[in-house]
Structures are given as C-alpha cells and as structure tokens.
Amino acid sequence: MTATTTEVTPTVRPSLQLRAYGSDSDPEFLLYCFPYAGGSATFYQPWTALLPKTVGLRALQLPGRQDMLGVPPFRHMADLAAAAARLVTEDACGRRHVFLGHSMGAVLAYETARQQRRKGRDLPELIALSGYGSPDRERRLPSLEGLNDEELLAEVGRLGGIPAQIAASEQMRPLIAPAIRADFALLDRYRHIPELPLNCAAAVFGGTDDPTVTVEALHAWDGHFTRSMTVEQFPGGHFYLSKWASRVLSSVLNRM
C-alpha cells in the first residue's frame, strides 16, 4: 500500500508505503509503527515474535531507503503526516488501532493522529511516544551542518542508531546518509502548531541516559492528550528501545 503527496518533483513524487508483518489472520488490534530518522520499517519486523496473534503489526517505510532508495524524500512534516494518515485509514478500515513511534517517529505518529482528526477519521486508542519530548519544547538534535558522510554517520552513530560496522563501510555510506540528512532536515523545518489536545490516551517512553530528551520534556506530552498518560524510562541512551522493546510492548499491550 502506497500514499503520495502533491509536493511534486517533475517526474517522481514523494511517497511512502506500509509494511504488514506477522500473521495473515484478521487481527483484533493493529499496531502502526513509525520509524526514527534514517530508520526503516524492518526495524520493527522482529517485534512480531513479541506480539499475540490478536495484534497485527504494520510499519511505515519512508522514501530514500532500502527498496525505496530512488524515491525523493518529504520536505515537510505536514505532507508526510497527511500521506501516513491516508495509508492508516485505508488499511485500518475502522478496526481498533494504536500508534507507536520512536524519535522522529514519535512526532510523526502524533502529527498523523492530528491529520486524522482534521479529516474526521478514527483516532488511535493509544499513541506510544518513545525517545522524543513534547513538540512544543526545545529539541536537542545533533548538528549535522557541514558534515561529510563519514562524519555524519559517526555523529548519528554516537546515539546508537547505526551499527559501527555499517557506519565505517564506504559502500554503505552513500546508501544510508541521504535518508538521514533528509529526515534531520525535515525535523529541523518542523514547527509545532498548537491545537486542541487529542482525545486518546498516551504512553510515553524514554532512556534514562538519552542526551536528546529530558524527563521533563517527556512529561510535557501530557498537555497534548485529553485521556490518561503514563511515562516510563528504561536504562540506556537514545536507542534504549533496541534492548527494552519487550517491556515497552508489554506496557502498550496492557494499556490496550
């Protein structure tokens, strides 16, 4: 399944796709996962082993990576969120669903839900937000300005999102660096526009040693939701989620 936007290049438009992982049976719940900057849908594929058969896992695949390497990136969060909202609505078909996003994926999940509300579509029952503080707070993004591909991957690698052997590979750098640059540029352009809080619950997660987000910024998400919100932290840095996925999913499933 693919969604496009009206933001145009002469021949190819930005688009994204939705990957379905796990059982082919009709699930009771759908868990939609949103990737971090430079990340891909396959990051979430192993999570199918952690989910009951009643929960179907879907993950967004953004342009500029893996099988979408030649597709141009989205430049603005609003266009990306609008395309994501269309995909989710078409796929969910009225079924109960939950959003989960890590880092850039957290703010994308939030903005996708706001796009759904603007169009009068069903909201997720719960939004799980990981590794990103409230969007109306100051962000602590690493500066990538002026960095070559090697320096870029080393800087991002310090956060834990890129294995050292990949960051050091001369063959891999030109394949993964453009998506990282595009995603960080999109985040740099993003500005939160105040609206009424979303009428859904939230579960907020973070790493105790994450240099990019404070615990106060995690708690500040509370102002963006009308229903209950929980905040949990786990040992680790920005990519604590790689180690604690089972605990995060347990918390999400308990809320569902």
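Glu 28 is partly exposed, with a relative accessible area of 46%. This value, like the others in this briefing, comes from a predicted model.

**Salt bridges around Arg 96**

- The whole structure contains 10 salt bridges according to the search.
- In one of these salt bridges, the side chain of Glu 28 meets that of Arg 96, with an N to O distance of 3.9 Å. Glu 28 belongs to the loop between β2 (15-21) and β3 (29-34), whereas Arg 96 belongs to strand β5, so the pair ties together parts that are 68 residues apart in sequence.
- Arg 96 also forms a salt bridge with Glu 125, and here the closest N and O atoms are 2.6 Å apart. This pair links distant parts of the chain, since Arg 96 is in strand β5 and Glu 125 is in the loop between α2 (104-118) and β6 (126-130), 29 residues apart.
- How accessible are these residues? Arg 96 has a relative accessible area of 38% and is therefore partly exposed. Glu 125 also counts as partly exposed, because its relative accessibility is 27%, and buried residues are those under 20%.

**Other salt bridges**

- A salt bridge of 3.0 Å, N to O, joins the side chains of Asp 183 and Arg 65.
- Are Asp 183 and Arg 65 buried or exposed? Both residues are buried.
- A network of salt bridges links Glu 111, Arg 114, Arg 117, Arg 118 and Glu 195.

**Aromatic rings**

- A pair of aromatic rings is described by two quantities, the distance of the centres and the angle of the planes.
- The search of the whole structure gives 13 aromatic pairs. One of them joins Phe 234 and Trp 244: the ring centres are 5.5 Å apart and the planes are at 25°, so the pair is stacked. The cut-off behind this label is that planes under 30 degrees apart count as stacked.
- Phe 234 is buried, with a relative accessible area of 3%. Trp 244 is buried as well, at 17%.
- One aromatic cluster is formed by Tyr 36, Phe 43, Tyr 44, Trp 47 and Phe 239.

**The buried residue Asp 210**

- Where is Asp 210 found? The residue is in the loop between β7 (201-207) and α6 (215-219).
- Asp 210 has a relative accessible area of 6%, and therefore counts as buried.
- The side chain of Asp 210 makes a polar contact of 2.8 Å with the side chain of His 238.
- If residues up to four places away in sequence are left aside, Asp 210 touches Gly 131, Gly 236, Gly 237 and His 238.

**Positive phi angles**

- Gln 66 is not a glycine, yet its phi is positive, near 50°. The residue is found in the loop between β4 (55-61) and α1 (77-92), and its relative accessible area of 44% makes it partly exposed.
- Cys 93, which is not a glycine either, has a positive phi of about 50°. Cys 93 lies in the loop between α1 and β5 (96-102). With a relative accessible area of 63%, Cys 93 is exposed.

**A nonpolar surface patch**

- Which residues form a nonpolar patch on the surface? They are Leu 69, Met 172 and Leu 175, and together they have about 230 Å² of accessible area.
- Met 172 is placed in the loop between α4 (164-167) and α5 (173-189). Its relative accessible area is 31%, so Met 172 is partly exposed.

Conventions: Residues are numbered from 1 along each chain as its sequence is written. This is a predicted model: local features need pLDDT of at least 70, side-chain atom pairs count only at pLDDT 80 or more; totals for chains, interfaces and linings use all residues. Side-chain values use heavy atoms; hydrogens and water are left out. Helices (H or I, at least four residues) and strands (E, at least two) are DSSP runs, numbered from the N terminus. Buried means under 20% relative accessible area, exposed over 50%, partly exposed in between (1.4 Å probe, protein chains only). A polar contact is a pair of N or O atoms within 3.5 Å; within protein, one must be able to donate a hydrogen and the other to accept it, and residues adjacent in sequence count only if both atoms are side-chain atoms. Contact means heavy atoms within 4.5 Å. Patches are made of residues with over 30% relative accessible area and no salt bridge: like charges are joined within 9 Å, nonpolar side chains (Val, Leu, Ile, Met, Phe, Trp, Tyr) within 5 Å. Accessible areas come from the Shrake-Rupley method with a 1.4 Å probe; for residues, only the protein chains shown count as cover. A salt bridge is a side-chain nitrogen of Lys or Arg within 4 Å of a carboxyl oxygen of Asp or Glu. Rings of Phe, Tyr and Trp (its six-membered ring) pair if their centres lie within 6.5 Å; planes under 30 degrees apart count as stacked, over 60 as edge-to-face and the rest as tilted.
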